[in-house]
Amino acid sequence: MNSPARHSSGLAALGPRERDILAAIRPVFAAKGFDGASMQDLARAAGMSVGNFYRYFPSRAAIVEAIIQIDLEEVEQKFAALLAAPDPLPVLRAALHARVHDELCTCDDATLWAEITAAALRKPEIGAVVNRMEGEIVSWLIRGFALAAGISPVRAQARFTAHARLIVALVKASAMHGRLPPDEGAALTALIQRQIDGLLDEIAAAARPEDAS
């Protein structure tokens, strides 16, 4: 039997069946909470027996890891476009603006991400998965910062890791906030986007002729 394919994040690639199961159980987590949703509830939502469900997802940590994997795939695609762009900073700025807008104005996953974040504080195995996800995104951001500032990734890591982590925190807070009424959502979106712009402007200002040489 062949080993499962590995994603660039180090996680096993998800097959179509796993993706279908995750799509079916996400609303259950959102409605009943991470601890409130039993494995029986999840199996029922996926239309299978508990024993069969365990074949795909043997633990809650495995479920969280798979949910995060899907989110990381989307983020990685955007970063691939960013790293290939002649001028990466406007691409990054646009992507972050769009993500914050979607989380506050159109996304219905706030309860799910709030549950995952809360579980990460209580359960070390969930915390380890969430920390890996955030570390992966921070690493991608630093690579983008290095290109934008014309400096080496090592130097960008030393100078801009805090910037990357603050951007992750802002987007994460947006994801957990939940959809707002249009006027309120637009105002909060614009405010968070301005905070992100300030961080990116600091990175752009760090580019100097001697750095780019």
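I began with arginine 99 and aspartate 71, whose side chains meet in a salt bridge at 3.1 Å, N to O. For this term I require a side-chain nitrogen of Lys or Arg within 4 Å of a carboxyl oxygen of Asp or Glu. The pair links distant parts of the chain, since arginine 99 lies in helix α5 (residues 88-105) and aspartate 71 in helix α4, 28 residues apart. Helices here are DSSP runs of H or I with at least four residues, numbered from the N terminus. I recorded aspartate 71 as buried because its relative accessibility is 15%; buried means under 20% relative accessible area, exposed over 50%, and partly exposed in between, with a 1.4 Å probe and protein chains only.

I noted the basis of these entries: the model is predicted, local features need pLDDT of at least 70, side-chain atom pairs count only at pLDDT 80 or more, and totals for chains, interfaces and linings use all residues. Residues are numbered from 1 along each chain as its sequence is written, and side-chain values use heavy atoms, with hydrogens and water left out.

I then searched the whole structure and found 10 salt bridges. One of them joins the side chains of glutamate 65 and arginine 132 at 2.7 Å, N to O. This pair also links distant parts of the chain: glutamate 65 is in helix α4 (residues 60-84) and arginine 132 in helix α7, 67 residues apart. I listed glutamate 65 as partly exposed, at 25% relative accessible area, and arginine 132 as partly exposed, at 44%.

I next checked helix α7 (residues 124-149), whose 26 residues reach 36 Å from first C-alpha to last, close to the 38 Å expected. The expected span is 1.5 Å times one less than the number of residues. Just after α7, glycine 150 takes a positive phi of about 70°.

My last entry concerns aspartate 197 in helix α9 (residues 182-205). Aspartate 197 counts as buried, at 17% relative accessibility. Its side chain makes a polar contact with the side chain of arginine 93 at 3.0 Å. A polar contact is a pair of N or O atoms within 3.5 Å; within protein, one must be able to donate a hydrogen and the other to accept it, and residues adjacent in sequence count only if both atoms are side-chain atoms.

Terms used
Helix = DSSP H or I, 4+ residues; strand = E, 2+ residues; numbered from the N terminus.
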